[in-house]
Amino acid sequence: VADTIAGRLQAEEGDIYLEDIGLSDEQLQQLDKIFIIACGTSWHAGLVGKFYIEKLARVPVEIDIASEFRYRDPIVGENSLTVLISQSGETADTLAGLREAKGKGGKTLCVCNVVDSSIARESDGVIYTHAGPEIGVASTKAFTTQLVALYQLALKLGRVRGLLTADQCREQVEALLTLPRKLEEALEIDGHVEEISREFMNARDFLYLGRGNQYPIALEGALKLKEISYIHAEGYPAGEMKHGPIALIDEQLPVVVLVPRNDTYEKVVSNLEEVKARGGKVIAVVSGDDSELIDKVDAIIRVPEINDDLMPLLTSIPMQLLAYHVAVFKGTDVDQPRNLAKSVTV
Ligand code: F1P
């Protein structure tokens, strides 16, 4: 994350410098729509990216799973930008989506770990995460650095399009610069998450709930658990629970609820109470020293405070650690899960 941030603030102008973005400021100003397409974990990063871009730059964003994009005949125009997100830069569906967007005359930009990969080569512009390739198959550091890169893109767009002043941009970058330290702090919960994992490792299913920018983190938590521990898990928008998944809740079901302090806090707490009222076991992920929930839940995981935009980076840490420890307890191969390829090229 420190490498993703490094060198991208032009201090004097309060601008973000994205060296290979491949688009002039004028082209960035003229954009009328942004598509984000990706697979798996990268798609989850894109869901957070949509929040960033729409909030900071007010450009409408459509997000698609790459394998679906080309089947809906997307309305790509010359003032649209398609952002491809891929750790490996070789994922076949994402590459096909890139070609679809280019074929229709749209501009393309990828967020990628791997220099000179197919997607990086064929895109008009690149934002490298500078994270290096993942060692294992399941994306972890790629996810965190993709979020940083997308945040930087949103700041750049917001700045160029006149929505952010230099001072506001600098302020956001100051917050970004605190991230490496906060992530290290967040990692200190490792031993505690290990204990929680031991307690819940025999569950047959898990449910993950989040609202707003925490919903993609719920999806990512569920995916990590599925990928490396082979436990069935579902991520859901917390408010959607009563439209179906609530029927699943009983004493056997651990429910991970992402509930950092933000505008949705009260609503998520009431979702959490609905789970408890039905006997579900709640593992709450909270921010700072929030102690309001201690008596209401079965386990509590704390992450440090940070502004709401960057909170998904911190709450994703316990998601990764929980999946990791459950997998280790179950004895699965966390680096090379069965049936999964590092990059899905067919
Ligand atoms: C996408 C992805 C990863 C996942 C696994 C299979 O890859 O779904 O998110 O962890 O490795 O592929 P990429 O396009 O980001 O390389």
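Mentor: Happy to. A residue counts as buried if 20 or more other C-beta atoms lie within 10 Å of its own, as exposed if 12 or fewer do, and as partly exposed in between. Keep in mind that this is a predicted model.

Trainee: Got it. How many of the residues of β6 are buried?

Mentor: Six of its six residues are buried, so β6 is mostly covered by the cut-off of 20 or more C-beta atoms within 10 Å.

Trainee: And which residues sit on which side of β6?

Mentor: K107, L109 and V111 are on one side, while T108, C110 and C112 are on the other. Each of those residues is buried, and both faces of β6 are covered.

Trainee: Where does β6 sit in its sheet?

Mentor: The sheet is open and has five strands in the order β4-β3-β5-β6-β7, with parallel pairing. Its edge strands are β4 (61-65) and β7 (125-128), each of which pairs on one side only. On average, neighbouring strands of this sheet are turned by 20° against each other, direction ignored.

Trainee: How many bridges join β5 to β6?

Mentor: Six bridges join strand β5 (residues 80-86) to strand β6 (residues 107-112), and the two run parallel. To find a couple of them, look for L84, whose bridge partner in β6 is C110, and I85, whose bridge partner in β6 is V111.

Trainee: Okay, on to helices. Which strands does α7 lie across?

Mentor: Helix α7 (residues 141-160) lies across β5, β6 and β7, running at about 145° to β6. Helix α3 (residues 40-57) lies across β3 (33-38), β4 and β5, and runs at about 160° to β3.

Trainee: At what angle do α3 and α7 pack?

Mentor: At an angle of about 20°, with their axes 9 Å apart. Angles under 35 degrees count as roughly parallel, so α3 is roughly parallel to α7. α3 passes α7 in a right-handed crossing.

Trainee: Which residues make that contact?

Mentor: On α3, they include A45, V48, Y52 and I53, and on α7 they include F143, L147, L150 and Y151. By class, the contact of α3 with α7 has 14 nonpolar, six polar and no charged residues.

Trainee: Changing topic: what's the strand order in the sheet with β8?

Mentor: The order is β9-β8-β10-β11-β12, in an open sheet of five strands with parallel pairing. β9 (232-237) and β12 (299-303) each have a single partner strand, so one side of each is left without a neighbour in the sheet. Neighbouring strands here are turned by 20° against each other on average, direction ignored.

Trainee: How many bridges join β10 to β11?

Mentor: Five bridges join strand β10 (residues 254-258) to strand β11 (residues 281-287), and these strands run parallel. V256 stands opposite I283 in β11.

Trainee: Is F206 buried or exposed?

Mentor: F206 is buried, because 25 other C-beta atoms lie within 10 Å. F206 belongs to strand β8 (residues 205-210).

Trainee: So what is F206 in contact with?

Mentor: Leaving aside its neighbours within four places in sequence, F206 is in contact with A222, L225, I231, A233, P254 and V256.

Trainee: Which helix lies across β10, β11 and β12?

Mentor: That one is α10, which runs at about 150° to β12. Helix α10 (residues 190-200) also packs with helix α13 (residues 311-330) at an angle of about 50°, with their axes 9 Å apart. α10 and α13 are therefore oblique to each other.

Trainee: What classes do the residues of the contact of α10 with α13 divide into?

Mentor: The contact is made by residues including V193, I196 and R198 of α10 and L321, L322 and F329 of α13. The residues of this contact divide into seven nonpolar, two polar and three charged.

Trainee: Last one: where is E122?

Mentor: E122 is in helix α6 (residues 118-122). With 15 C-beta neighbours inside 10 Å, E122 counts as partly exposed.

Technical notes:
Residues numbered from 1 in each chain as written. Predicted model: local features only at pLDDT ≥ 70, side-chain atom pairs only at ≥ 80, totals over all residues. Axes fitted to C-alpha atoms, helices over the stretch in contact; angles between N-to-C directions. Helix = DSSP H or I, 4+ residues; strand = E, 2+ residues; numbered from the N terminus. Parallel < 35°, antiparallel > 145°, perpendicular 65-115°, else oblique. Contact = placed C-beta atoms within 7 Å. Nonpolar A, V, L, I, M, F, W, Y, C, P; charged D, E, K, R; others polar. Pairing = 2+ DSSP bridges. Left-handed = near helix turned anticlockwise from the far one by under 90°.
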